[in-house]
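Keep the structure open while you read.

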Amino acid sequence: MNKNFIVSSPNRLDKFLSLQLDETRNQIEQLIKKECVKVDGKICTKTGLKLKEEQSVDVTFPQVEKKEAQAIDFDVEILYEDDSILVINKPSNLIVHDAPSVSEPTLVDWLKHQNISLSTISGEERHGIVHRLDKGTSGVMVVAKTNEAHQFLSEQLQDKSMGRYYLAIIDLPLKENVIIEKPIGRNPHNRLKMGVVENGRFAKSAFNKMALSKNEKYELISAKLFTGRTHQIRVHLSSINRHILGDNLYGFKGEFNKINRVYLHAYSLYLIHPLTKREMNFTAPLENDMTTFLENNFNTEEICDKINQTYIINSFSSAH
């Protein structure tokens, strides 16, 4: 399918097409980069091209490239579902997105089996992923089931009206509640890692003390992010010589060789529902491995009192 538009007033190419097609700038950007847009008959790949009056813009929409879902041998806990959103408790050691280097089934494969597929104008399938969790991290995620919900939730991520609170067990207690503002970028010495680098992107995290282990070597902490950089919690903790149990990539060297994942869990999610505009909160129960570790090494009564949404949210309101 092709469409033609005539420019009526000066505008950026991506803004112009976003208005004409009623699509997100991200979708328009992909369309332009795939050489699907011509300006006055010539292919244009500059999203910010300044259009003049009476210029002609042609768009050729590519066919959607459908990929078959891999067979899956796992299930995902559904915390909430309606016609607009799906809220899940992602298991640890599950990759969210597939990639050329990934051969194992992913969360996207599970979503394909759930028949969650959004329309797209750029030729790539989308399955409602709005935000991510690292492979080793468990916890709450929201998935959009419609294009409208995807756009609305994406905007909430940008204006911070949607967010999560995390729980982590670290190998050395914090001295006090702390906010870390350090730029994060790709580690120049190890491409698998991110790091605090001078020319990295601004990143801000808050960490609160929650409970000490019985031997006072470990601590359950909560975390809140003000930005969404890759590995942000792990990088910022590593920058103050604290490491999440099991996080060998960022310096954990403890004795618990039976830990096969990072003890980091997205516990609580808040958002505004895309359709009803109602504020909603969700919590994801901890996995058995973290629960067992806490039961064996911490005061169980104290842990039960503190692992709840109200306590965690209030602690950030009062501490920072």
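E81 and K145 meet through their side chains in a salt bridge, with 2.7 Å from N to O. Keep in mind that this is a predicted model. E81 lies in strand β7 (residues 77-81), while K145 is in the loop between β9 (138-144) and α4 (147-159), so the bridge ties together parts that are 64 residues apart in sequence. How accessible are the two partners? E81 is partly exposed, at 42% relative accessible area, and K145 also counts as partly exposed, at 25%.

That bridge is one of 10 salt bridges found in a search of the whole structure. Side chains of opposite charge can pair when their charged atoms come close. Here are three of them side by side:

| Salt bridge | Closest N to O |
|---|---|
| R234 and D134 | 3.0 Å |

Take the E104 and K135 pair next. E104 sits in the loop between β8 (85-90) and α3 (107-113), and K135 in the loop between α3 and β9, so this contact ties together parts 31 residues apart in sequence. E104 is partly exposed at 30%, and K135 is partly exposed at 38%.

Now for R234, which forms a salt bridge with D134. This pair links distant parts of the chain, with R234 in helix α5 (residues 232-239) and D134 in the loop between α3 and β9, 100 residues apart. R234 is buried, with a relative accessible area of 10%, whereas D134 is partly exposed at 23%. D247 joins in too: D134, R234 and D247 are linked in a network of salt bridges.

On to the rings. There are 6 aromatic pairs in the structure. One of them is F5 with F16, an edge-to-face pair with 6.3 Å between centres and 85° between the planes. F5 lies in strand β1 (residues 2-6) and F16 in helix α1 (residues 13-21), so the pair ties together parts 11 residues apart in sequence. F5 is buried at 12%, and F16 is buried at 4%.

Y165 and F316 make a tilted pair, 5.4 Å centre to centre with 45° between the planes. They sit 151 residues apart, Y165 in strand β10 (residues 163-170) and F316 in helix α8 (residues 309-319). Both are buried, and together with Y270 they form one aromatic cluster.

Finally, charges meet rings: the charged end of K204 sits over the ring of F226, 4.6 Å from its centre, and that of K277 sits over the ring of F152, 4.6 Å from its centre.

Notes. Residues numbered from 1 in each chain as written. Predicted model: local features only at pLDDT ≥ 70, side-chain atom pairs only at ≥ 80, totals over all residues. Heavy atoms only, no water. Phe/Tyr/Trp six-rings, centres within 6.5 Å; stacked < 30°, edge-to-face > 60°. Helix = DSSP H or I, 4+ residues; strand = E, 2+ residues; numbered from the N terminus. Buried < 20%, exposed > 50% of the residue type's maximum accessible area, 1.4 Å probe, protein only. Lys NZ or Arg CZ within 6 Å of the ring centre and 35° of its normal. Salt bridge = Lys/Arg side-chain N within 4 Å of Asp/Glu carboxyl O.
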